[in-house]
Amino acid sequence: MADERPNVVLFPFMAQGHIIPFLALAHHIEQMGYAVTFVNTPLNIKKLHKSLPPPPSSSIKLVEIAFNSADHGLPPEMENTVSGPYDLFIRLIEATPTLELPFRKLLSDLTENGEKPLCVVSDFFFGWAADVAHEFGIFHAIFSGSSGFGLACSYSLRLNLPHKHTDNAEFFLPDFPEAGKVHVTQMPFPTLVAGENDPMTKFQWKNLPKWSNGDTSREATSSLEKCMEWLDKREPKSVLYISFGSQNTISASQMMNLAKALDASSRNFIWVARPPLEGDINAEFASDKWLPEGFPQRVHDQERGLIISRWAPQVEILAHNSVAAFMSHCGWNSVLESLKNGVPLIGWPVAAEQFYNAKMLVEEVGVCVEVARGTNVEVREEDITEKIEMVMGESEEGRRMRRRAGEVKEMIEEGMRDEGDSKGSSVKAMHEFFAAANSSCF
């Protein structure tokens, strides 16, 4: 029997940091009573089939769209940025306009079969998807898992390259002065060195003028029972959680100094560790190779630290009462997962809009202190220890950050409130979005 619910098509870019928030959005939309068609390339869809519960627990329809990585000079079966370095990430982005033709055919088939979508929600890397949707008279929106602030900073810097027109280390963004001054150390390296011939800049000059944004949360998977059992034995608000996200890492020297700082701080911690930049970041983490001699065994014997290779159940960890702070790359998914649990952050942005997210969290929200910027700076053991103690200790600044994080948690809970006619701002926004889609003149 055909699904009579209005159909919403979701189409994220091929990266975990994009697919995961889109999947969270899909679940929200499904719960609101809509049918969801989730589109991606074959290998990503194959992996999603393994993570989604079968019907009737989930009715999200997963649909493959044709893509052959070898046609674009990419390694065989590279359909996700998690499996390649930055230069291949750029090549994958440059290949995305080739998805336009098969996506047009998908919308055509749905329309001819009487399943014309109510709306299409596509990734902000897919600016062309707006024109395709409008060809079929379908309402369209672009979704980003980044913060609005971070995305606006990225947009302005990519379009204007203002740092190329001043000798000062700090400057205002010409079309976003409300962001305050941006320091060159708050810029990801590819943007800092970008020029008119930079591939990513040229791509974004074509793509960025068509986007808008939104945000949501993400989930990761690993040994849940092991982490929860370990956390259950710790005192409330006594654990530092450390993770640099699904695709980021730090340098070998930074990793060594972070371990030394953890040794010196005596604080409990869970560290989701990936090999440093000098290694294969997709390999298993070899603690005996990248950490100080005796460190892993020492923190294990002291029952003070848990070192996990590559992946951990981040959502559940941050929700645990034992977690006091989060040392994070400040990717927006991680930020939201931290703040919805009232957990303040120790910011260590390493790429993309993470620098601007950290700037906002420090300067505007007051829930974060920065410990380092990027992977090319030498961060001292003493500085890391100082920031850990500032956030987790009894200093006035630490108490203020924890208090402010608790206030933000309440704001998020209020925004998600859905009790009959009493709805929070985020719930109202979703209903208003679908009201606009339903009343669209297309």
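Residues are numbered from 1 along each chain as its sequence is written. Because the model is predicted, local features need pLDDT of at least 70 and side-chain atom pairs count only at pLDDT 80 or more, while totals for chains, interfaces and linings use all residues; side-chain values use heavy atoms, with hydrogens and water left out.

**Strand S4**

Let's start with S4, which covers residues 119-123. Strands (E, at least two residues) and helices (H or I, at least four) are DSSP runs, numbered from the N terminus. Five of the five residues of S4 are buried, so the strand is largely enclosed by the rest of the structure. Buried means under 20% relative accessible area, with a 1.4 Å probe and protein chains only.

Which strands pair with S4? Two strands pair if DSSP finds at least two bridges between them, and the table shows two such pairs with S4.

| Pair | Sense and bridges | A bridge in the pair |
|---|---|---|
| S1 (residues 7-11) and S4 | parallel, four bridges | Phe11 with Ser122 |
| S4 and S5 (residues 139-143) | parallel, five bridges | Val121 with Ala141 |

**Asn248**

Now for the loop between strand S8 (239-243) and helix H10 (252-265), where Asn248 is found. Asn248 is buried, with a relative accessible area of 15%. A polar atom of its side chain lies 3.2 Å from the backbone oxygen of Phe244. Leaving aside residues up to four places away in sequence, Asn248 touches (heavy atoms within 4.5 Å) Arg274, His329, Val350, Ala351 and Gln354.

Notes
Buried means under 20% relative accessible area, exposed over 50%, partly exposed in between (1.4 Å probe, protein chains only). A polar contact is a pair of N or O atoms within 3.5 Å; within protein, one must be able to donate a hydrogen and the other to accept it, and residues adjacent in sequence count only if both atoms are side-chain atoms.
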